[in-house]
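Dear colleague,

Please find the structure below, followed by a short account of what was found in it.

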Amino acid sequence: MQRTENDHEHLSRAIEIATRGRGRVHPNPVVGAVVVKDGTVLGEGWHAEYGGPHAEVNAIANCNGADLTGATIYVSLEPCCHQGKTGPCTEAIVAAGITRVLVATDDPTEKASGRGLGILRDEGLTVDVAGGELAARARLSNQAFRKHARSGRPWVLFKSAMTLDGKVATRTGDSKWISSESSRALAHRWRASVDAVVVGIGTALADDPQLTARIEDPDPTAPPLRQPRRVVFDATGRLPLDSQLVQQAPEIPLTVVVSRAAPRSAADALQNAGADVIVATGEHEPARVRSALDQLGEAGIHAVLLEGGPHLAGAFLDAGEIDEVRLFLAPLLLGGSKARDPLEGEGVEKISEALRALTLDCERVADDVLISARLREW
(Lines give C-alpha, C1' and ligand atoms only; values in the text may rest on other atoms or scores of the structure.)
Protein backbone atom coordinates (compact mmCIF):
# COMPACT_ATOMS: atom_id res chain seq x y z
CA MET A 1 0.00 0.00 0.00
CA GLN A 2 1.32 3.42 -0.90
CA ARG A 3 1.55 5.67 2.12
CA THR A 4 1.18 9.43 2.01
CA GLU A 5 2.95 12.29 3.73
CA ASN A 6 -0.09 12.65 5.99
CA ASP A 7 0.22 8.98 6.97
CA HIS A 8 3.80 9.65 8.05
CA GLU A 9 2.72 12.71 10.05
CA HIS A 10 -0.09 10.94 11.91
CA LEU A 11 1.92 7.81 12.67
CA SER A 12 4.79 9.97 13.88
CA ARG A 13 2.35 11.71 16.21
CA ALA A 14 1.18 8.36 17.58
CA ILE A 15 4.78 7.41 18.37
CA GLU A 16 5.39 10.79 20.00
CA ILE A 17 2.39 10.72 22.36
CA ALA A 18 3.06 7.10 23.33
CA THR A 19 5.96 8.23 25.52
CA ARG A 20 3.56 10.11 27.82
CA GLY A 21 2.84 6.80 29.50
CA ARG A 22 6.46 6.05 30.35
CA GLY A 23 6.96 5.18 34.01
CA ARG A 24 3.22 4.62 34.51
CA VAL A 25 2.17 1.55 32.48
CA HIS A 26 4.65 -1.19 33.45
CA PRO A 27 4.68 -4.04 32.52
CA ASN A 28 2.82 -2.92 29.43
CA PRO A 29 4.52 -1.11 26.54
CA VAL A 30 4.01 2.58 25.82
CA VAL A 31 1.53 3.01 22.97
CA GLY A 32 -0.05 5.97 21.19
CA ALA A 33 -2.93 6.15 18.70
CA VAL A 34 -4.47 8.77 16.42
CA VAL A 35 -7.86 8.50 14.64
CA VAL A 36 -8.24 10.39 11.35
CA LYS A 37 -11.17 10.69 8.91
CA ASP A 38 -11.22 12.65 5.67
CA GLY A 39 -7.92 14.29 6.59
CA THR A 40 -9.14 15.52 9.99
CA VAL A 41 -7.81 14.28 13.33
CA LEU A 42 -10.86 13.26 15.36
CA GLY A 43 -9.13 11.92 18.44
CA GLU A 44 -5.86 10.74 19.91
CA GLY A 45 -4.89 8.82 22.99
CA TRP A 46 -2.16 6.88 24.73
CA HIS A 47 -1.90 4.11 27.30
CA ALA A 48 -1.78 6.29 30.40
CA GLU A 49 -2.03 3.87 33.33
CA TYR A 50 -1.47 0.18 33.95
CA GLY A 51 -4.86 -1.52 34.11
CA GLY A 52 -6.52 1.40 32.35
CA PRO A 53 -7.77 1.66 28.76
CA HIS A 54 -5.22 1.13 26.02
CA ALA A 55 -4.21 3.81 23.53
CA GLU A 56 -6.65 2.71 20.80
CA VAL A 57 -9.62 2.74 23.18
CA ASN A 58 -8.66 6.16 24.54
CA ALA A 59 -8.23 7.57 21.03
CA ILE A 60 -11.65 6.25 19.95
CA ALA A 61 -13.27 7.61 23.13
CA ASN A 62 -11.72 11.01 22.49
CA CYS A 63 -13.51 11.17 19.14
CA ASN A 64 -16.58 12.08 21.24
CA GLY A 65 -19.08 9.93 19.41
CA ALA A 66 -18.14 10.98 15.88
CA ASP A 67 -19.02 8.59 13.04
CA LEU A 68 -15.80 6.64 12.43
CA THR A 69 -17.02 4.67 9.43
CA GLY A 70 -14.17 4.74 6.92
CA ALA A 71 -11.70 6.28 9.40
CA THR A 72 -8.03 5.34 9.79
CA ILE A 73 -6.37 4.63 13.12
CA TYR A 74 -2.60 5.10 13.43
CA VAL A 75 -1.04 3.04 16.22
CA SER A 76 2.58 2.94 17.40
CA LEU A 77 2.37 -0.79 18.27
CA GLU A 78 0.36 -3.71 16.91
CA PRO A 79 -3.09 -3.68 18.62
CA CYS A 80 -3.64 -6.37 21.24
CA CYS A 81 -6.04 -9.20 20.50
CA HIS A 82 -6.27 -10.91 23.90
CA GLN A 83 -8.30 -10.36 27.05
CA GLY A 84 -6.20 -8.96 29.87
CA LYS A 85 -7.10 -6.30 32.41
CA THR A 86 -8.90 -4.67 29.48
CA GLY A 87 -10.63 -6.09 26.40
CA PRO A 88 -8.92 -6.67 23.04
CA CYS A 89 -8.19 -3.46 21.16
CA THR A 90 -8.89 -5.28 17.90
CA GLU A 91 -12.54 -5.61 18.95
CA ALA A 92 -12.78 -1.93 19.83
CA ILE A 93 -11.34 -0.93 16.46
CA VAL A 94 -13.77 -3.14 14.53
CA ALA A 95 -16.76 -2.04 16.63
CA ALA A 96 -15.96 1.63 15.99
CA GLY A 97 -16.33 1.19 12.24
CA ILE A 98 -12.71 2.02 11.46
CA THR A 99 -11.69 0.52 8.13
CA ARG A 100 -7.94 1.13 7.94
CA VAL A 101 -5.17 0.50 10.46
CA LEU A 102 -1.60 1.73 10.06
CA VAL A 103 0.84 0.30 12.62
CA ALA A 104 4.42 1.41 13.30
CA THR A 105 5.80 -1.91 14.53
CA ASP A 106 4.95 -5.41 15.67
CA ASP A 107 4.30 -6.73 19.18
CA PRO A 108 6.91 -9.50 19.76
CA THR A 109 5.10 -11.23 22.64
CA GLU A 110 3.65 -14.71 22.25
CA LYS A 111 0.13 -13.32 22.73
CA ALA A 112 0.54 -11.12 19.66
CA SER A 113 3.25 -11.60 17.00
CA GLY A 114 0.95 -10.58 14.17
CA ARG A 115 -2.25 -12.16 15.49
CA GLY A 116 -3.94 -8.82 16.05
CA LEU A 117 -3.17 -7.72 12.52
CA GLY A 118 -4.47 -11.04 11.17
CA ILE A 119 -7.73 -10.65 13.07
CA LEU A 120 -8.23 -7.15 11.68
CA ARG A 121 -7.56 -8.35 8.13
CA ASP A 122 -10.04 -11.21 8.62
CA GLU A 123 -12.62 -8.61 9.61
CA GLY A 124 -12.08 -6.87 6.30
CA LEU A 125 -9.97 -3.95 7.47
CA THR A 126 -7.04 -2.67 5.45
CA VAL A 127 -3.91 -3.17 7.55
CA ASP A 128 -0.45 -1.77 6.85
CA VAL A 129 2.79 -1.96 8.86
CA ALA A 130 5.32 0.83 8.51
CA GLY A 131 9.01 0.32 7.88
CA GLY A 132 12.09 2.49 7.87
CA GLU A 133 12.52 5.39 10.25
CA LEU A 134 9.03 5.21 11.80
CA ALA A 135 9.37 1.52 12.63
CA ALA A 136 12.82 2.14 14.14
CA ARG A 137 11.47 4.98 16.33
CA ALA A 138 8.60 2.84 17.54
CA ARG A 139 10.90 -0.08 18.40
CA LEU A 140 13.30 2.19 20.27
CA SER A 141 10.47 3.56 22.41
CA ASN A 142 9.82 0.05 23.76
CA GLN A 143 13.25 -1.55 24.00
CA ALA A 144 12.66 -2.87 27.52
CA PHE A 145 9.33 -4.44 26.55
CA ARG A 146 10.86 -5.99 23.43
CA LYS A 147 13.95 -7.40 25.17
CA HIS A 148 11.88 -8.96 27.93
CA ALA A 149 9.50 -10.49 25.37
CA ARG A 150 12.36 -12.02 23.40
CA SER A 151 14.89 -12.99 26.07
CA GLY A 152 13.02 -13.00 29.38
CA ARG A 153 15.64 -10.64 30.84
CA PRO A 154 15.39 -6.94 31.70
CA TRP A 155 16.79 -4.26 29.40
CA VAL A 156 19.85 -2.69 31.09
CA LEU A 157 20.77 0.99 30.97
CA PHE A 158 24.20 1.71 32.44
CA LYS A 159 24.64 5.22 33.85
CA SER A 160 27.85 6.72 35.17
CA ALA A 161 29.52 10.07 35.72
CA MET A 162 33.23 10.45 34.97
CA THR A 163 35.92 13.05 34.67
CA LEU A 164 37.73 14.18 31.54
CA ASP A 165 40.36 11.53 32.20
CA GLY A 166 37.74 8.80 32.52
CA LYS A 167 37.64 8.38 36.31
CA VAL A 168 34.58 7.84 38.50
CA ALA A 169 36.26 8.19 41.90
CA THR A 170 39.55 9.24 43.43
CA ARG A 171 42.04 6.71 44.76
CA THR A 172 40.36 7.08 48.19
CA GLY A 173 36.95 6.28 46.71
CA ASP A 174 35.52 9.81 46.86
CA SER A 175 33.00 10.42 44.05
CA LYS A 176 30.65 13.14 45.35
CA TRP A 177 29.93 14.95 43.22
CA ILE A 178 31.50 14.47 39.81
CA SER A 179 28.41 15.40 37.80
CA SER A 180 26.42 18.61 38.05
CA GLU A 181 23.16 19.07 39.93
CA SER A 182 21.32 19.21 36.59
CA SER A 183 22.84 15.89 35.55
CA ARG A 184 21.83 14.28 38.83
CA ALA A 185 18.27 15.56 38.41
CA LEU A 186 18.15 13.98 34.96
CA ALA A 187 19.35 10.68 36.40
CA HIS A 188 16.49 10.79 38.91
CA ARG A 189 14.03 11.07 36.01
CA TRP A 190 15.63 7.97 34.50
CA ARG A 191 15.07 6.15 37.79
CA ALA A 192 11.37 6.98 37.57
CA SER A 193 11.18 5.47 34.09
CA VAL A 194 12.58 2.02 34.94
CA ASP A 195 11.43 -0.88 37.07
CA ALA A 196 14.57 -1.20 39.18
CA VAL A 197 17.81 0.57 40.10
CA VAL A 198 20.83 -1.72 40.50
CA VAL A 199 24.03 -1.20 42.51
CA GLY A 200 26.72 -3.38 44.01
CA ILE A 201 27.39 -3.87 47.70
CA GLY A 202 30.43 -1.58 47.50
CA THR A 203 28.25 1.37 46.51
CA ALA A 204 25.63 0.44 49.11
CA LEU A 205 28.22 0.33 51.92
CA ALA A 206 30.08 3.46 50.85
CA ASP A 207 27.10 5.75 50.17
CA ASP A 208 24.15 4.27 52.12
CA PRO A 209 21.91 5.41 49.23
CA GLN A 210 18.13 5.42 48.98
CA LEU A 211 18.08 4.81 45.20
CA THR A 212 14.65 6.45 44.93
CA ALA A 213 13.43 8.77 42.19
CA ARG A 214 13.31 12.17 43.84
CA ILE A 215 11.66 14.35 41.22
CA GLU A 216 8.69 16.63 40.79
CA ASP A 217 6.16 14.89 38.56
CA PRO A 218 6.09 16.75 35.22
CA ASP A 219 2.38 15.89 34.87
CA PRO A 220 0.67 16.09 38.29
CA THR A 221 -2.71 15.28 36.69
CA ALA A 222 -1.47 11.90 35.44
CA PRO A 223 -1.36 8.68 37.48
CA PRO A 224 1.54 8.80 39.96
CA LEU A 225 5.01 7.74 38.94
CA ARG A 226 6.22 4.53 40.57
CA GLN A 227 9.28 4.28 42.74
CA PRO A 228 11.68 1.75 41.25
CA ARG A 229 12.60 -1.44 43.03
CA ARG A 230 16.10 -1.22 44.55
CA VAL A 231 18.40 -4.14 43.72
CA VAL A 232 21.74 -4.74 45.46
CA PHE A 233 24.21 -7.35 44.24
CA ASP A 234 25.62 -8.55 47.56
CA ALA A 235 27.28 -11.94 47.17
CA THR A 236 27.80 -12.65 50.87
CA GLY A 237 24.82 -10.79 52.37
CA ARG A 238 26.71 -7.89 53.94
CA LEU A 239 24.02 -5.21 53.48
CA PRO A 240 23.44 -3.69 56.95
CA LEU A 241 19.98 -4.06 58.42
CA ASP A 242 20.10 -0.41 59.52
CA SER A 243 20.88 0.87 56.02
CA GLN A 244 18.39 3.17 54.35
CA LEU A 245 17.69 0.54 51.72
CA VAL A 246 16.62 -2.07 54.29
CA GLN A 247 14.85 0.41 56.55
CA GLN A 248 12.63 1.55 53.65
CA ALA A 249 11.69 -2.02 52.68
CA PRO A 250 9.04 -3.26 52.06
CA GLU A 251 7.38 0.15 51.50
CA ILE A 252 9.82 0.63 48.62
CA PRO A 253 10.68 -2.85 47.33
CA LEU A 254 14.23 -4.11 47.82
CA THR A 255 15.85 -7.17 46.28
CA VAL A 256 19.21 -8.43 47.49
CA VAL A 257 21.07 -10.72 45.09
CA VAL A 258 23.31 -13.13 46.99
CA SER A 259 25.45 -16.06 45.90
CA ARG A 260 25.60 -19.53 47.40
CA ALA A 261 28.46 -18.21 49.53
CA ALA A 262 26.08 -16.05 51.58
CA PRO A 263 25.45 -17.35 55.12
CA ARG A 264 21.89 -18.55 55.59
CA SER A 265 21.60 -16.37 58.70
CA ALA A 266 22.40 -13.22 56.69
CA ALA A 267 19.85 -14.04 53.99
CA ASP A 268 17.17 -14.84 56.58
CA ALA A 269 17.83 -11.58 58.44
CA LEU A 270 17.42 -9.56 55.25
CA GLN A 271 14.19 -11.37 54.40
CA ASN A 272 12.82 -10.86 57.91
CA ALA A 273 13.57 -7.14 57.54
CA GLY A 274 11.38 -6.95 54.43
CA ALA A 275 13.82 -7.53 51.58
CA ASP A 276 13.40 -10.09 48.85
CA VAL A 277 16.48 -12.32 48.55
CA ILE A 278 17.37 -14.22 45.40
CA VAL A 279 20.32 -16.56 44.91
CA ALA A 280 22.33 -16.06 41.72
CA THR A 281 24.11 -19.18 40.56
CA GLY A 282 27.02 -19.71 38.20
CA GLU A 283 30.73 -20.42 38.14
CA HIS A 284 31.77 -16.75 37.79
CA GLU A 285 30.37 -13.25 38.14
CA PRO A 286 29.08 -12.80 34.56
CA ALA A 287 27.16 -16.09 34.90
CA ARG A 288 25.69 -14.91 38.19
CA VAL A 289 24.66 -11.63 36.56
CA ARG A 290 22.77 -13.57 33.89
CA SER A 291 21.20 -15.80 36.56
CA ALA A 292 20.03 -12.77 38.53
CA LEU A 293 18.61 -11.08 35.44
CA ASP A 294 16.73 -14.25 34.54
CA GLN A 295 15.12 -14.23 37.98
CA LEU A 296 14.37 -10.51 37.89
CA GLY A 297 12.80 -10.96 34.47
CA GLU A 298 10.63 -13.79 35.79
CA ALA A 299 9.50 -11.42 38.55
CA GLY A 300 8.27 -8.94 35.94
CA ILE A 301 11.22 -6.54 35.85
CA HIS A 302 11.53 -5.23 32.27
CA ALA A 303 14.03 -2.38 32.62
CA VAL A 304 16.84 -1.63 35.07
CA LEU A 305 19.13 1.33 35.59
CA LEU A 306 22.61 0.07 36.47
CA GLU A 307 24.32 2.70 38.61
CA GLY A 308 27.44 0.78 39.51
CA GLY A 309 29.95 0.64 40.86
CA PRO A 310 32.81 -0.24 38.53
CA HIS A 311 33.15 -3.85 39.70
CA LEU A 312 29.49 -4.71 39.10
CA ALA A 313 29.34 -2.71 35.87
CA GLY A 314 32.30 -4.69 34.56
CA ALA A 315 30.55 -7.95 35.39
CA PHE A 316 27.46 -6.81 33.47
CA LEU A 317 29.63 -5.89 30.49
CA ASP A 318 31.44 -9.24 30.60
CA ALA A 319 28.02 -10.92 30.73
CA GLY A 320 26.93 -9.09 27.57
CA GLU A 321 24.01 -7.55 29.43
CA ILE A 322 24.43 -3.79 28.93
CA ASP A 323 22.04 -2.54 26.26
CA GLU A 324 22.58 1.22 26.48
CA VAL A 325 25.16 3.49 28.09
CA ARG A 326 24.70 7.07 29.30
CA LEU A 327 27.86 8.76 30.55
CA PHE A 328 28.09 12.21 32.07
CA LEU A 329 31.47 13.72 31.26
CA ALA A 330 32.37 16.42 33.80
CA PRO A 331 35.00 19.18 33.31
CA LEU A 332 37.31 17.72 35.96
CA LEU A 333 40.68 15.99 36.01
CA LEU A 334 41.64 13.56 38.78
CA GLY A 335 44.78 11.79 37.66
CA GLY A 336 46.29 8.97 39.66
CA SER A 337 46.87 5.40 38.58
CA LYS A 338 44.70 4.12 41.44
CA ALA A 339 41.68 6.30 40.66
CA ARG A 340 38.62 4.22 39.68
CA ASP A 341 37.53 3.54 36.12
CA PRO A 342 33.82 3.26 35.23
CA LEU A 343 34.11 -0.37 34.10
CA GLU A 344 36.28 -3.10 35.57
CA GLY A 345 35.80 -6.84 35.08
CA GLU A 346 37.80 -8.91 32.60
CA GLY A 347 37.16 -6.86 29.47
CA VAL A 348 38.55 -7.91 26.09
CA GLU A 349 42.09 -8.69 24.99
CA LYS A 350 41.98 -7.03 21.57
CA ILE A 351 40.48 -3.82 20.22
CA SER A 352 38.88 -5.92 17.48
CA GLU A 353 36.86 -7.69 20.20
CA ALA A 354 35.47 -4.45 21.67
CA LEU A 355 31.74 -3.88 21.73
CA ARG A 356 30.94 -1.14 19.20
CA ALA A 357 27.98 1.19 19.74
CA LEU A 358 25.19 1.18 17.18
CA THR A 359 24.46 4.86 17.77
CA LEU A 360 26.22 7.71 19.54
CA ASP A 361 24.66 11.00 20.69
CA CYS A 362 26.02 13.94 22.68
CA GLU A 363 24.30 16.83 24.42
CA ARG A 364 25.18 19.50 26.95
CA VAL A 365 23.72 19.27 30.47
CA ALA A 366 24.78 22.33 32.45
CA ASP A 367 28.59 22.08 32.67
CA ASP A 368 28.60 18.39 31.74
CA VAL A 369 28.41 16.54 28.43
CA LEU A 370 26.01 13.59 28.23
CA ILE A 371 27.14 10.83 25.89
CA SER A 372 24.49 8.25 25.03
CA ALA A 373 25.34 5.04 23.19
CA ARG A 374 22.96 2.28 22.17
CA LEU A 375 24.73 -1.08 22.13
CA ARG A 376 21.92 -3.40 21.06
CA GLU A 377 18.50 -3.16 19.46
CA TRP A 378 15.62 -5.48 20.25
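In strand β2, Val-41 is the bridge partner of Val-36. This is a predicted model, in which local features need pLDDT of at least 70 and side-chain atom pairs count only at pLDDT 80 or more, while totals for chains, interfaces and linings use all residues. Residues are numbered from 1 along each chain as its sequence is written, and side-chain values use heavy atoms, with hydrogens and water left out.

Helices (H or I, at least four residues) and strands (E, at least two) are DSSP runs, numbered from the N terminus; two strands pair if DSSP finds at least two bridges between them.

Strand β1 (residues 32-37) and β2 (residues 40-46) run antiparallel and are joined by 6 bridges. Val-35 stands opposite Gly-43 of β2. The two strands form a hairpin with 2 residues between them, and Asp-38 in the turn has a positive phi of about 50°. Strand β3 (residues 72-75) is also antiparallel to β1, through 4 bridges; there, Thr-72 is the bridge partner of Val-36.

The open sheet has 5 strands in the order β2-β1-β3-β4-β5, with mixed pairing. Its edge strands, β2 and β5 (126-129), each pair on one side only.

Because 5 of the 6 residues of β1 are buried, this strand is largely enclosed by the rest of the structure. Buried means under 20% relative accessible area, exposed over 50%, and partly exposed in between (1.4 Å probe, protein chains only).

Yours sincerely
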